[in-house]
Amino acid sequence: MNGTNGTPGPTARVIVVGSGPTGLLLAGDLAAAGIPVTLLEKRPRKISNLSRAFALHARALEQLDSRGLADELEAVGKPLARFGLFGGLTLDLGDLPSRFRHILVLPQYEVEKVLERRAAEAGVEFRNECEVTGLTQDAAGVTVRVEGGESLRAAYVVGADGMHSAVREAVGLPFPGRSAIRSVVLADVLLTEQPETLLTAAAVGDAFAFLAPFGDGYHRVICWHRGHDVPDREPVGLDEVREITRLALGKDYGMHAPRWMSRFHSDERQVPSYRVGRVFLAGDAAHVHTPAGGQGMNTGLQDAANLSWKLAAVLHGHADPGLLDSYQSERHPVGRTVLRSSGALIRLAMAKGPMLPVRSGLIRAFGLVGPVRRRILAQITGIGYRYPAPRGSHPLTGTRAPDLALEGDGRLYEALRGGRFVLVTPAPAQAPASAPAPAPDDTGRRYGDRLALAHWRSGRRTAVLVRPDGYVAWAGEDAQAPDVEKALATHVG
């Protein structure tokens with residue numbers, strides 16, 4: 001792709017802009033599916049240790065598991081099954097209906113290392129120090145202009161280039177919202193005294209502080225004081241970080257030797273549309289919110305998982321281009337919910353005056369009312385989201401498929417590896433003679449590597465077609481073979 005003087009070079013099928021976790025997962029998925037991908041990044045090709053994200057939740061880990069990456073990250077990070085937030089509110093993930101009944105604490109750059117290696121091995125073309133300056137699109141594709149005058153051509157473009165997205169600006173999308181918290185302080189420091197818990201967070205009065213380990217001896221401190229609202233450009237001193245931390249946590253743990261300090265403001269914003277023609281937005285380019293709940297990186301990874309298989313199916317000719325519209329209808333509501341839930345958490349953490357009794361009541365409800373607790377945990381961890389389903393569909397349609405056991409000691413998420421649909425049916429001996437499952441050999445020949453066939457290890461009688469992103473595309477009880485064949489033709493292509 002060496003076009004110069006504004007003349008497009010050879011066409012990539014997809015250009016992904018931004019090499020954070022969202023862009024890396026998306027590019028890796030597409031390349032693994034045989035789609036030529038170019039990844040553009042304005043920074044040098046170097047994984048930064050200036051991470052803002054420090055946790056993977058259960059649903060993101062499940063997505064990584066279905067790509068064969070979760071166990072590697074589990075070996076690097078540290079699991080945390082209980083996490084105290086504020087006012088006695090504790091998240092206990094021990095009963096979470098997932099293989100990953102914990103938060104995995106590890107810095108974002110560790111996730112990026114694994115995803116970058118996977119993308120490179122799959123054949124992604126990396127173009128670093130390559131800043132997007134504009135783009136135009138037509139009925140056949142998108143022309144991306146980069147700094148220096150070069151133009152690149154692709155069938156589709158995905159902007160995963162963060163809050164200040166050049167792709168979003170190029171397609172003219174607004175980014176409505178507001179600053180939720182101003183003058184948030186970040187610092188990477190050494191501690192003389194180690195915290196009692198892996199993640200430490202508390203809000204007292206006007207102060208909030210959060211501590212998380214990098215794994216190399218340093219800790220990231222995120223802190224904020226309601227009464228100290230200064231511009232982002234105002235220098236940060238270690239004394240300020242210590243003071244706010246002492247107010248919120250009771251002590252500063254002997255923090256010293258800062259290697260980096262900064263100040264930023266946390267916004268709540270979301271674009272009205274995740275798609276403009278052949279251009280899509282994902283991750284922070286589409287939605288940003290407060291760090292409360294640690295949902296940012298996790299939501300972006302799930303955006304990528306939702307979009308990648310759809311782009312691959314359309315580009316391979318297995319699906320109608322109309323499938324791409326479902327990215328908006330499925331992911332935009334999730335982004336909106338994350339904005340609201342993270343905003344509610346930070347406002348509850350910093351509640352004062354008349355809002356304190358409200359906070360106390362909600363904390364009591366969380367502890368005493370099981371459905372409330374399960375709903376909140378499912379939302380924060382990402383496992384509770386479901387996508388819209390056609391009227392009259394089976395109740396499982398649109399839900400997340402758990403990692404259930406399959407015949408032959410396999411697991412569903414293992415069967416999903418390779419970006420395939422998975423059709424799971426009752427074992428032949430359990431299926432009634434009047435409801436035979438499709439013949440494996442015939443079905444396998446018809447759909448090739450787009451479909452994996454499996455049987456339940458248990459006595460389940462439901463036939464389930466699971467999408468590559470781990471959500472149920474279709475389900476039927478004691479399904480007749482014609483019903484299964486219709487579902488395969490509709491969804492797999």
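Me: Which residues is Leu-56 in contact with, leaving aside neighbours within four places in sequence?
Reply: This is a predicted model, and in it Leu-56 is in contact with Leu-61, Leu-64, Leu-73, His-102, Ile-103, Leu-104, Leu-106, Val-111, Met-297, Asn-298 and Leu-301. They count as contacts because heavy atoms come within 4.5 Å.

Me: What makes Leu-56 stand out in the largest nonpolar core?
Reply: That core has 99 residues, and Leu-56 is one of those that touch the most other members, along with Ile-15, Leu-40, Val-144 and Tyr-156. Helix H7 (residues 296–315) gives the core its largest share, 8 residues. There's also a second, separate core of 18 residues, with Cys-223, Val-236, Leu-238 and Val-241 among them. As a general point, nonpolar side chains in soluble globular proteins tend to be buried together.

Me: Why is Glu-110 called buried?
Reply: Its relative accessibility is 17%, and the cut-off for buried is under 20%. So Glu-110 counts as buried. It lies in helix H4 (residues 108–122) and touches Leu-73 and Val-76, not counting residues up to four places away in sequence.

Me: How do you know that the buried residues of H13 line one face?
Reply: Start with the list: Ala-481, Val-484, Ala-487 and Leu-488 are buried in helix H13 (residues 481–491). Looking down the axis of H13, those buried residues fall within an arc of 125 degrees, so they line one face of the helix. In general, an α-helix has 3.6 residues a turn, so residues three or four places apart point the same way.

Me: What does the face of H13 turned away from its buried side carry?
Reply: Exposed residues sit there: Pro-482, Lys-486 and Thr-490. To be called exposed, a residue needs a relative accessible area over 50%. After H13 comes Gly-493, with a positive phi near 95 degrees.

Me: What makes E23 and E25 edge strands?
Reply: They belong to an open sheet of 4 strands, ordered E23-E22-E24-E25, with mixed pairing. Strand E23 (451–455) and strand E25 (472–477) each pair on one side only, and that puts them at the edges. From one strand to the next, the twist averages 15 degrees.

Me: How do you know that E22 and E24 pair?
Reply: Two strands pair if there are at least two bridges between them. Strand E22 (residues 421–425) and strand E24 (residues 462–466) have 3 bridges, in the antiparallel sense.

Me: How many bridges join E12 to E15?
Reply: There are 6, between strand E12 (residues 177–190) and strand E15 (residues 218–225), which run antiparallel. Among the partners in E15, Leu-186 has Ile-222, and Asp-188 has Arg-220. E12 also pairs with E16 in the antiparallel sense, over 10 bridges; there, Ser-179 stands opposite Asp-267 of E16.

Me: Is Ser-183 buried or exposed?
Reply: Buried: its relative accessibility is 2%, against a cut-off of under 20%. Ser-183 is found in strand E12, and its phi is positive, near 60 degrees, in a residue other than glycine.

Me: Why is Ala-257 called partly exposed?
Reply: Its relative accessible area is 37%.

Me: How many disulfides does a search of the whole structure find?
Reply: It finds 0. A disulfide here would need a pair of cysteine sulfur atoms within 2.5 Å.

Me: What makes Cys-130 count as buried?
Reply: Its relative accessible area is 8%, and buried means under 20%. Cys-223 is at 0% relative accessibility, so it counts as buried as well.

Note on methods: Residues are numbered from 1 along each chain as its sequence is written. This is a predicted model: local features need pLDDT of at least 70, side-chain atom pairs count only at pLDDT 80 or more; totals for chains, interfaces and linings use all residues. Side-chain values use heavy atoms; hydrogens and water are left out. Helices (H or I, at least four residues) and strands (E, at least two) are DSSP runs, numbered from the N terminus. Buried means under 20% relative accessible area, exposed over 50%, partly exposed in between (1.4 Å probe, protein chains only). The arc is that of the directions from the helix axis to the C-beta atoms. Axes are lines fitted to C-alpha atoms, for helices over the stretch in contact, and angles run from 0 to 180 degrees between N-to-C directions. A nonpolar core is a set of buried Ala, Val, Leu, Ile, Met, Phe, Trp, Tyr and Cys residues joined through side-chain atoms within 4.5 Å.
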